[in-house]
Amino acid sequence: MGFAKFLVKSALRNRNMWFWGVFFILFWIALGAYIYPKGAVNIIQYGAADVARLYTADWLTWAAIYMPTGVMVGYLYMLVYSTGAVPYLIRFGRLRPLKYLLSYYVAMTASSLIFTAVVAAIAIPMMWHGLNYNGLHVPIDSVLPASAAGALGFVGSVALGAVFTTSFMFLVFLLALRMPKHTTRIAFIPMVIYFASYYSYLYGVVPRDAIALVPFVSLVGLGVGTYAGYGDAPTQLMPDISYGRFAAPPTVPAWQVAAGALAWIAALAALS
């Protein structure tokens, strides 16, 4: 997959992707670690470790599922401006349509996982230090995934999110071809939809029965659930600490989330 390798290297050498995909996210995670918890940690009497892990999982998953929408902007420009050469490469070269498409899926997933790993390596100790700084004294393992299986599940949700975003990208690509002058605005459509979906989920606007039907919501839930040790997607992201103790939220089965995301991927792939 030489073309996929080229795409991954292009992403890793792109300063804009590092800015929007890593440093922009770390800025917000720093606020989440040092600014936002002030005051709230003082009312937690029991279940501090659970609150710390869920809080960390929420921020990391927000970053991880957002990541492909940022990487997608760069890849969409590559798609738009290389379209004219592709028919000649297919006809006179060794490029095959299926290989061309699969290369983008592989590159998007690999790039997203690499950027997410960089963010996680910095964000986890930052979150632990920030929570302790604000008075929630927990050991470092309280901000790590609940288990090895949970860590693998988190990685799987990130990969599934990248595949879904790639299938969405090809549909957006067709729109950009029709309106090339608006490519910049069009490239940010998935990111805008993601933020709208995420904050609807964060503030409890999305009904429980609809969570599995909205991939940008369900994949965030799956990432949080696997990281925090639920195994499934929680119906709410904000921890309930109203009585001074942590109460685990109800969940949506992981298989429903995966099935919903795969159905969307298949539908978007067919449309594009």
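Trainee: Which residues of α9 and α10 meet?
Mentor: Keep in mind that this model is predicted. From α9, P215, S218, L219 and L222 take part. Their partners in α10 are A254, V257, A261 and W264.

Trainee: How do the axes of α9 and α10 lie?
Mentor: They come within 10 Å and cross at roughly 145 degrees. Helix α9 covers residues 215–228. The crossing is left-handed.

Trainee: What makes α6 and α10 roughly parallel?
Mentor: The angle decides. Helix α6 (residues 148–178) and helix α10 (residues 254–271) pack at about 25 degrees. The label needs an angle under 35 degrees. Therefore α6 counts as roughly parallel to α10. Their axes are 9 Å apart.

Trainee: Which residues make that contact?
Mentor: On α6 they are L160, V163, F164, S167, F168, L171 and L174. On α10 they include W264, I265 and L268.

Trainee: Which hand does the crossing of α6 and α10 have?
Mentor: It is left-handed.

Trainee: What about α1 and α5, how do their axes lie?
Mentor: They come within 8 Å and cross at roughly 35 degrees. Helix α1 spans residues 2–12. The crossing of α1 and α5 is right-handed. Among the residues in contact are V8 and A11 of α1, and A107 and S111 of α5.

Trainee: Why is S111 called buried?
Mentor: Its relative accessible area is 0%. Buried means under 20%. So S111 is buried. S111 lies in helix α5, which runs over residues 97–133.

Trainee: What does S111 touch?
Mentor: Leave out residues up to four places away in sequence, and S111 touches V8, A11, V71 and Y75.

Trainee: Which backbone atom lies 2.8 Å from a polar atom of the S111 side chain?
Mentor: The backbone oxygen of A107. The cut-off for a polar contact is 3.5 Å. At 2.8 Å, the pair is within it.

Trainee: How do you know whether T183 is buried or exposed?
Mentor: Set its value against the cut-off. T183 has a relative accessible area of 2%. Under 20% is buried, over 50% is exposed. So T183 is buried. T183 lies in helix α7, residues 183–187. Neighbours within four places aside, T183 is in contact with Y77, V80 and A176.

Trainee: And why is G223 called buried?
Mentor: The relative accessible area of G223 is 0%. That is under the 20% cut-off, so G223 is buried. G223 sits in helix α9.

Trainee: How far apart are G223 and A57?
Mentor: In sequence, 166 residues. In space, 7.5 Å from C-alpha to C-alpha.

Trainee: Which residues is G223 in contact with?
Mentor: T61, F154 and S157, leaving aside neighbours within four places in sequence.

Trainee: Now the whole chain. How many helices and strands are there?
Mentor: There are 10 helices and two strands. Along the sequence the pattern is α-α-α-α-α-α-α-α-α-β-β-α.

Trainee: What share of the chain counts as buried?
Mentor: Of 272 residues, 47%. The chain exposes about 13000 Å². Carbon and sulfur atoms supply 69% of that area.

Trainee: What share of the contacts joins residues at least 24 apart?
Mentor: It is 77%, among contacts between residues at least 6 apart in sequence.

Definitions and conventions. Residues are numbered from 1 along each chain as its sequence is written. This is a predicted model: local features need pLDDT of at least 70, side-chain atom pairs count only at pLDDT 80 or more; totals for chains, interfaces and linings use all residues. Side-chain values use heavy atoms; hydrogens and water are left out. Helices (H or I, at least four residues) and strands (E, at least two) are DSSP runs, numbered from the N terminus. Buried means under 20% relative accessible area, exposed over 50%, partly exposed in between (1.4 Å probe, protein chains only). Contact means heavy atoms within 4.5 Å. Accessible areas come from the Shrake-Rupley method with a 1.4 Å probe; for residues, only the protein chains shown count as cover. A polar contact is a pair of N or O atoms within 3.5 Å; within protein, one must be able to donate a hydrogen and the other to accept it, and residues adjacent in sequence count only if both atoms are side-chain atoms. Axes are lines fitted to C-alpha atoms, for helices over the stretch in contact, and angles run from 0 to 180 degrees between N-to-C directions. Angles under 35 degrees count as roughly parallel, over 145 as roughly antiparallel, 65 to 115 as roughly perpendicular and the rest as oblique. A crossing is left-handed if the near helix is turned anticlockwise from the far one by less than a right angle, and right-handed if clockwise.
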